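Reader: I would like to learn how to read the strands and domains of a model like this one. Please take the features one at a time.

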Amino acid sequence: MINWLDIIKFANHGNPKPSRRILKTDAEWEAQLTPEQYRIARQHQTERAYTGAFCQLFEPALYGCVCCENWLFDSREKFESGTGWPSFTQPVTENAMQYRKDSSHGMNRIEVLCNVCDAHLGHIFPDGPMPSGLRYCINSAALRKVSTTALQTATFGGGCFWCTEAIFKALDGVESVTSGYSGGDVINPDYEQVKSGATGHAEVIQVIFDSHIIPYEDLVRIHLHTHNPTTLNRQGADVGTQYRSVIFYHSAEQKAMAENVLTEATADFDDPIVTALAPFVQFFKAEAHHQNFYVRNPDLPYCEVVITPKLQQLRVKYADKLKRLPELD
Ligand SMILES: [Zn+2]
């Protein structure tokens with residue numbers, strides 16, 4: 001959870017890295033937006049209190065940036081502030097927005113902008129409800145309700161989750177990747193228990209993705225082609241059932257799609273594919289130091305030797321599926 005100290009830190013020392021960037025000219029934004037949206041989001045103006053469409057709307061929704069649809073807020077974090085502007089107490093992800101010191105109009109405030117396209121959204125104040133104590137004071141005109149129906153979860157095991165996490169994080173349409181354990185018998189196992197092989201869990205990643213941007217079949221294809229699906233309970237030097245190749249499907253549709261891709265992929269491998277297809281039951285998030293492992297430890301020998309080459313391969317083979325990040329260009 002982000003608090004006021006984090007916001008001050010971001011504004012003073014630099015903002016969290018965005019998941020992608022979208023840059024357009026003013027003329028392009030003007031052509032895409034209504035005059036009111038353009039005036040607020042691109043020219044840093046403020047709408048009049050109580051005039052916005054979302055100021056008193058509290059039904060379940062996800063709110064995105066009006067310019068680029070980057071997800072910003074969940075209605076569960078929305079509250080009635082009595083100010084006449086939509087008010088939220090947390091962003092949907094830590095890197096959804098950027099924060100800049102703003103001394104316009106004789107006030108010292110912190111401006112909130114979209115981290116993907118730099119749209120002006122509003123300002124943030126430390127007088128919101130606990131536990132975060134934050135009040136994001138946002139212009140309705142800078143928001144767009146985003147459909148959440150395209151959002152799905154996928155769960156894959158393909159050996160060490162440090163690798164699979166790094167690969168799936170690079171894909172466009174993938175909103176989040178969490179490393180954890182699935183398919184075993186123990187509730188809330190820890191890494192050491194799973195590593196022993198005794199719990200029956202596989203190291204997996206839980207992927208939240210937008211199926212309008214990247215279909216499930218593509219995720220399965222990329223999964224099969226970025227690990228070795230022909231070695232039973234083994235990935236390179238990592239041996240044990242915790243490293244098994246597995247697809248945990250979340251619906252009958254996912255199962256059918258995975259079956260099709262598995263059949264189609266047999267031609268791509270010399271040896272038979274041993275990837276298991278199993279119904280998803282439960283996911284247990286791994287310890288914090290296993291999350292985002294590659295990004296935090298790129299110089300570790302395992303990362304340099306095993307993960308970096310896999311990412312390079314991914315960039316060549318699936319260039320059109322990757323997020324448009326500067327370091328991937
Ligand atoms: Zn945006």
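**Strands, sheet and domains**

Author: Strand β1 and strand β2 (residues 71-74) are paired antiparallel, with 3 bridges between them. The model is predicted.

Reader: How many residues lie between β1 and β2 in the hairpin?

Author: The hairpin has 5 residues between its two strands, and glutamate 69 in the turn has a positive phi of about 65 degrees. As for facing residues, tyrosine 63 is opposite phenylalanine 73 in β2.

Reader: Which strand pairs with β1 over 4 bridges?

Author: That is β9 (residues 143-146), antiparallel to β1 (residues 62-65). Cysteine 65 has leucine 143 in β9 as its bridge partner.

Reader: In what order do the 6 strands of the open sheet come?

Author: Read across the sheet, the order is β3-β4-β8-β7-β6-β5, with antiparallel pairing. An edge strand pairs on one side only; here the edges are β3 (78-79) and β5 (97-102).

Reader: What joins β5 to β6?

Author: There are 6 bridges between β5 and β6 (residues 109-114), and the two strands run antiparallel. Within this pair, glutamine 98 has leucine 113 in β6 as its bridge partner.

Reader: Which strands does helix α1 touch?

Author: Helix α1 (residues 4-13) packs on the sheet and touches β5, β6 and β7 (120-125). The helix direction makes about 75 degrees with that of β5.

Reader: Into which domains is the chain divided?

Author: The division gives domain 1 (4-146) and domain 2 (151-328). Between the C-alpha centres of domain 1 and domain 2 the distance is 33 Å.

Terms used:
Residues are numbered from 1 along each chain as its sequence is written. This is a predicted model: local features need pLDDT of at least 70, side-chain atom pairs count only at pLDDT 80 or more; totals for chains, interfaces and linings use all residues. Domain bounds come from an automatic or database domain assignment. Two strands pair if DSSP finds at least two bridges between them. Two residues are in contact if their C-beta atoms, placed from the backbone, lie within 7 Å. Axes are lines fitted to C-alpha atoms, for helices over the stretch in contact, and angles run from 0 to 180 degrees between N-to-C directions.
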